Amino acid sequence: VENGCRNFALFYQPILRASDDKAIGSGAFLRWDCEPFGRISPAEFLLWLENDSSFSRLGNWILKTAISDGKKILEKNPDLIININLANRQLEQPEFHQQLLSYLKEQNFPGKNLCLELTDRCRFLNPDFLKREVIYLRSCGIHVALDGSCLLDLRLVRSLPVDIIKIGRDFVSHMKSSDKDQSLLRALCTFASESRIMICAEGIGDEETLSMIKEYDIYAYQGFVASGPIPFAEFMQLPVMTGK
């Protein structure tokens, strides 16, 4: 981080509409190459790094890079939405609003093409503060999603005026064999529909799981069934991006 975020990179994964499998967005995911160990998963370092003073600089780098890449993505498909994870430490920065808006202005990037996903640890923020932040972001035209791990706190699901609820891989992977998970998803979809919130399912790894989630009121999905997170150049050549 101190060396200009050297060896960090963003990988991209398409988000597809469940009704017709058309690309409607892309998730941006952090990767780190560290010799001699190769590519290190964020799961190995991100929680530790979030407690370090350098994390705010990395968070800003992620936002700036994703918005810059997103501008090129919009040249191919002006309707796509770029999804970026947002940690609690970023929201707590006094200059966060100013930094975010400056990145959007620099790239002439429309707020409506950006979705910020509140990650797990955001649920530990003061509820009133978090609600004000969501309202502010949406007032800028920016979409706000609630990460699937935040479903552990139903208070957030009920009180935050988000646009999207993400259902995580852990939940989806048990659906085939769990009647309870299927019932819970059905109830969540009903709640979301009545609250005008969209549901996006993550971690869809095969056609069987995809067919199953399409039986519910799911708006969008992402997973290896379409593509895993890949480098930006490769992402731009995906059939779902080129329309081939």
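Contact here means heavy atoms within 4.5 Å. In this predicted model, aspartate 163 touches Arg138, Ile142, His143, Val144, Ile197 and Met198, when residues up to four places away in sequence are not counted. Aspartate 163 lies in the loop between helix H6, which spans residues 154-159, and strand E7, which spans residues 164-167. The residue is classed as buried because its relative accessible area is 13%, and the cut-off for that class is under 20%. Along the chain, aspartate 163 and serine 53 are 110 residues apart, and their C-alpha atoms are separated by 31 Å.

At the level of the whole chain, eleven helices and ten strands are assigned. The radius of gyration is 17 Å, close to the 18 Å that the globule rule gives for 244 residues, so the chain is as compact as a globular protein of that length. Taken along the principal axes, the box filled by the C-alpha atoms is roughly 50 × 45 × 35 Å. Of the 244 residues in the chain, 49% are buried, and among the contacts with a separation of 6 or more, 67% are accounted for by residues 24 or more positions apart.

In soluble globular proteins, nonpolar side chains tend to be buried together. In the present model, the largest nonpolar core holds 70 residues, of which Ile84, Leu100, Leu116, Leu118 and Ile218 touch the most other members. Helix H2 gives the most to this core, with eight residues. A second, separate core consists of seven residues, including Cys115, Ala145, Ile164 and Cys200. With residues up to four places away in sequence left out of the count, isoleucine 218 touches Ala18, Ile167, Leu185, Cys189, Ile199, Ala201 and Ile213.

Tyrosine 216 lies in the loop between helix H9, residues 207-213, and strand E9, residues 220-221. Its relative accessibility is 12%, and tyrosine 216 therefore counts as buried. Apart from its neighbours within four places in sequence, tyrosine 216 is in contact with Met175, Gln182, Leu185, Arg186 and Cys189; Leu185 and Cys189 are also among the residues touched by isoleucine 218. Between tyrosine 216 and lysine 112, which are 104 residues apart in sequence, the C-alpha to C-alpha distance is 26 Å.

Asparagine 60 is found in helix H2, which covers residues 55-76. With a relative accessibility of 12%, asparagine 60 likewise counts as buried, and, leaving aside neighbours within four places in sequence, its contacts are Gln90, Gln93, Gln99 and Tyr103.

Phenylalanine 224, by contrast, is exposed, because its relative accessible area is 59% and the class begins over 50%. The residue is placed in the loop between E9 and strand E10, residues 230-231. Phenylalanine 224 is in contact with Gln13, Ile204, Gly205 and Pro229, again leaving aside neighbours within four places in sequence. Although phenylalanine 224 and glutamine 13 are 211 residues apart in sequence, their C-alpha atoms are 8.8 Å apart in space.

The backbone geometry was examined last. Most residues other than glycine have a negative phi, and most peptide bonds are trans. A cis peptide bond, with omega of about 5°, joins glutamate 35 and proline 36, and proline 36 has its place in the loop between strand E2, residues 23-34, and strand E3, residues 38-40. Positive phi values are found at cysteine 5, where phi is near 60° in a residue other than glycine, and at aspartate 21, where phi is about 60° although the residue is not a glycine. Cysteine 5 belongs to the segment before strand E1, residues 8-17, whereas aspartate 21 is in the loop between E1 and E2. In terms of accessibility, cysteine 5 counts as buried because its value is 7%, while aspartate 21, at 33%, counts as partly exposed.

Conventions:
Residues are numbered from 1 along each chain as its sequence is written. This is a predicted model: local features need pLDDT of at least 70, side-chain atom pairs count only at pLDDT 80 or more; totals for chains, interfaces and linings use all residues. Side-chain values use heavy atoms; hydrogens and water are left out. Helices (H or I, at least four residues) and strands (E, at least two) are DSSP runs, numbered from the N terminus. The radius of gyration is taken over C-alpha atoms; the globule rule is 2.2 Å times the number of residues to the power 0.38. Buried means under 20% relative accessible area, exposed over 50%, partly exposed in between (1.4 Å probe, protein chains only). A nonpolar core is a set of buried Ala, Val, Leu, Ile, Met, Phe, Trp, Tyr and Cys residues joined through side-chain atoms within 4.5 Å.
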